[in-house]
Amino acid sequence: MVFDVKDLGRSPGSMRTLTEHVPAPGDLGVALIGVREGSDVELDLRLEAVHEGILVSGTAHVEVTGECGRCLDPLAYDQEVDVQELFFYEDAVFSDEEDEEEQRRIEHDLIDLEPVLRDAVVTMLPFQPVCREDCQGLCSECGVRLEDEPGHHHEVVDPRWAALADLAKPDRQN
């Protein structure tokens, strides 16, 4: 997702809008939820020249897909994320306290929005996605969906007490 910003020059105050539909890059998510690679990403951005570089701000619309972290049912919904990043000119000089490695740069009049989009989308994704807040999930013993069997339970005997349980059986011979 590289875009040319040569037309903005180094004239603070010059601005243009960018409305694009681009394919989603890979790794735009976490283990259970994310944006499918190649799906449509709608960018609605404003690129504005400032003294230090180009300020990119606006929104990105993505379709999020994944699984519920409790019951593993599929999830799908649209998400709008805010995007805001300053891309510094190549010759920008940073003071000692600023980490130059973490600053985004304009390289050969081009800006790469993929890392910015990745940061914006991944931080908006839920850490533990659920289909509903009251989702009961799956039984930890047998994997049955607890929503389908409300009274489901197992009699679990602690293995440390199993020998004593044998003593209580009526058919036990001495």
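Residues are numbered from 1 along each chain as its sequence is written, and side-chain values use heavy atoms, with hydrogens and water left out. Because the model is predicted, local features need pLDDT of at least 70 and side-chain atom pairs count only at pLDDT 80 or more, whereas totals for chains, interfaces and linings use all residues.

Buried here means under 20% relative accessible area, exposed means over 50%, and partly exposed lies in between, with a 1.4 Å probe and protein chains only. With neighbours up to four places away in sequence left out, Leu43 touches Met1, Phe3, Leu18, Thr19, Glu20, Val22, Thr59, Ala60, Leu113 and Leu117, where contact means heavy atoms within 4.5 Å.

Leu43 also belongs to the lining of the largest cavity, together with Met1, Leu45, Val83, Leu113, Val116 and Leu117. On a 1 Å grid over the protein atoms alone, a cavity is a set of points where a 1.4 Å probe fits but cannot get out, while a pocket is an open set with protein on both sides within 12 Å along at least five of seven lines, and lining residues have an atom within 4 Å of a point. The count comes to one cavity of 30 Å³ or more, and the largest cavity holds about 40 Å³ of space, a volume being the space filled by probe spheres set on grid points that are joined across faces, edges and corners. Strand 5 (40-49) and helix 1 (114-124) each supply at least two residues of this lining, which divides into seven nonpolar, no polar and no charged residues. In this division Ala, Val, Leu, Ile, Met, Phe, Trp, Tyr, Cys and Pro count as nonpolar, Asp, Glu, Lys and Arg as charged, and the others, Gly among them, as polar.

The largest pocket has a volume of about 160 Å³, and its lining includes Val2, Phe87, Gln103, Arg104, His108, Ile111 and Pro115. By class this lining has five nonpolar, two polar and four charged residues. Strand 8 (104-105) and strand 9 (110-112) each supply at least two of the lining residues, and strand 9 gives the most, with three. His108, in the loop between strand 8 and strand 9, is exposed at 66% relative accessibility and has a positive phi of about 55° although it is not a glycine. Asp27, in the loop between strand 2 and strand 3 (28-29), likewise has a positive phi, near 60°, and is exposed at 70% relative accessibility. Most residues other than glycine have a negative phi.

The structure holds zero disulfides, a disulfide being a pair of cysteine sulfur atoms within 2.5 Å. The sulfur of Cys135 lies 3.7 Å from the closest cysteine sulfur, that of Cys71, and is therefore too far away for a bond; Cys135 is buried, at 7% relative accessibility. Cys142 is in no disulfide, the nearest cysteine sulfur being that of Cys139, 3.8 Å away, and Cys142 is partly exposed, with a relative accessible area of 44%.

Ala24 and Leu117 are 93 residues apart in sequence and 9.4 Å apart in space, C-alpha to C-alpha.

Conventions
Helix = DSSP H or I, 4+ residues; strand = E, 2+ residues; numbered from the N terminus.
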